[in-house]
Amino acid sequence: MRVAIGGISHESSTFTNVATTLDSFRERSYLHGAAIVERFTGVNTPIGGFIEGAEAHGFEAVPTMLAEAHPSAPTPRPIFDRLVGELLDGIEAAGAIDGVLLELHGAMVAEGIDDAEGHILAAVRRLVGPDMPIVGQLDIHSNVSHAMIETADVLIGRETYPEVDMAPRGRECADVLVSMVREGVRPTMALHQLPLVWGMNQVTAHPPMRQAIEYLHRIEARPGVICGSIATCFPLADIPDMGASVYVATDNDPALAQSCADELAAWLWERRADWQAPMPSTTEALQAADKTGRYPVVLADRNDNTGGGSPGDSTGLLQTFLAADLQDACVLYIVDPEAVAACHQAGVGAVLDLEVGGKASSLQGEPCSMRAEVVALSDGSFRYDGPMYDGLDGTMGPSAHIRQGGVHVLLVNKREQPFCTAFSRTLGLDPKQMSYVGVKSAAHFRAGFEPWAGQIQVISEPSVHAPAEANLAFKRLGRKLYPFDDI
């Protein structure tokens with residue numbers, strides 16, 4: 001048994017000014033053939049799960065092409081067409097195969113193509129024919145379309161947020177594909193699109209989201225059900241399919257698939273207000289946090305989350321830290337190549353005047369004027385050691401650890417969330433020893449930070465994405481959506 005593995009993955013914000021280029025993919029993952037297996041064997045990613053499944057079931061995983069970029073603006077059409085063409089070439093070059101396993105995101109947009117995953121799946125289907133099994137692994141933040149459901153045999157979304165189950169869901173995809181090839185399972189999928197934009201109450205380790213996943217698992221345990229998924233949506237895409245959904249696969253029983261999807265969707269919709277959460281400013285969050293006295297306080301800047309496509313250089317959180325003259329405080333990370341270059345030129349131990357952040361857009365706030373000491377410098381190389389991406393090599397590009405008074409800042413070149421503390425430690429900063437930790441992330445930081453955090457506050461500060469509920473001009477949504485609309 002031979003199975004082609006590969007994919008194209010990108011989360012696309014239609015509101016950000018961060019361009020997507022071919023280098024955007026090269027900087028994260030743009031691999032062909034054996035290099036895919038070399039990099040992702042034993043790593044907590046969907047491809048890692050595909051490889052694990054191949055080893056467990058004894059089939060040959062034939063690597064094709066994998067392209068993944070950090071979240072940013074829609075992919076230009078020439079680049080998108082090139083990537084799709086390379087994926088198809090790789091599958092065709094694989095020779096005789098029994099199925100296809102794809103790593104996709106579920107919220108990719110290309111110029112002129114709102115539903116990039118639907119386009120990719122349709123292209124693969126045309127190549128391999130109507131009877132070849134195609135199984136795809138999606139992010140929990142997907143905007144799932146009917147075209148995606150109708151083209152793939154099975155789609156499986158992640159069930160954790162932070163998404164620590166990437167390899168397990170990839171392994172599940174392999175398990176399902178093997179059951180199709182060897183056991184004659186014939187999946188039928190159904191989709192229920194909810195008129196809902198999911199808020200920040202979606203961390204699966206806590207109520208109320210934990211109860212939603214438990215309900216999903218009860219449905220998955222029913223006879224005839226292969227798998228099911230909840231997609232909380234990616235809200236920063238002005239496209240007709242933006243919104244939450246439920247999708248369920250059964251063994252040759254479309255009526256059961258639809259009834260299960262409808263049942264879970266109704267349960268989620270009845271609790272629609274539960275999925276929303278208020279977001280205070282940094283000042284308000286600090287006041288509330290200091291009253292409780294539980295430290296370290298982690299303040300998550302959701303709007304400047306680079307994992308949603310933001311530039312990563314908004315200054316509201318840092319300005320507040322500096323104005324409050326906090327001690328034992330840090331901000332992870334500020335994307336500012338100009339400031340990093342100045343620090344590298346000055347050297348460790350130097351004290352210099354810097355204008356930090358606020359350079360990508362006027363919506364990101366004014367730069368922070370700092371008189372800062374250069375504490376440490378690096379080339380940005382590190383290895384993840386937290387639950388997310390455990391074992392994967394990463395790079396933040398040339399980086400610097402600076403300090404003004406009691407406020408420490410990590411300046412970087414690459415946009416990435418702090419999934420764990422591994423990178424910070426390479427620059428001599430242990431966030432666990434801080435009292436106040438600011439992170440440019442919505443929730444993925446929790447995987448590496450929540451076990452030791454005294455408390456977590458999700459905050460709102462000015463940004464290109466601040467906030468989607470109020471300031472962004474949606475013009476192309478396909479239906480009324482709660483809480484944008486009174487439904």
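1. Start at a single bridge. Val-225 is partnered with Thr-250 of strand 9. The model is predicted, so read every point here as a description of that prediction.

2. Now widen the view to the two strands involved. Strand 8 and strand 9 (residues 245-251) run antiparallel. They are joined by 6 bridges.

3. Next, the helices. Two packed helices are described by the distance between their axes and the angle between them. For helix 8 (residues 209-220) and helix 9 (residues 254-270), the axes come within 11 Å. They cross at roughly 165°. An angle over 145 degrees counts as roughly antiparallel, which means helix 8 is roughly antiparallel to helix 9.

4. Which hand does the crossing of helix 8 and helix 9 have? Helix 8 passes helix 9 in a right-handed crossing.

5. Which residues make the contact? Helix 8 brings Gln-211, Ala-212, Tyr-215, Leu-216 and Ile-219. Helix 9 brings Cys-260, Glu-263, Leu-264, Trp-267 and Leu-268. The residues of this contact divide into 8 nonpolar, 1 polar and 1 charged.

Terms used:
Residues numbered from 1 in each chain as written. Predicted model: local features only at pLDDT ≥ 70, side-chain atom pairs only at ≥ 80, totals over all residues. Heavy atoms only, no water. Axes fitted to C-alpha atoms, helices over the stretch in contact; angles between N-to-C directions. Helix = DSSP H or I, 4+ residues; strand = E, 2+ residues; numbered from the N terminus. Parallel < 35°, antiparallel > 145°, perpendicular 65-115°, else oblique. Left-handed = near helix turned anticlockwise from the far one by under 90°. Contact = heavy atoms within 4.5 Å. Nonpolar A, V, L, I, M, F, W, Y, C, P; charged D, E, K, R; others polar. Pairing = 2+ DSSP bridges.
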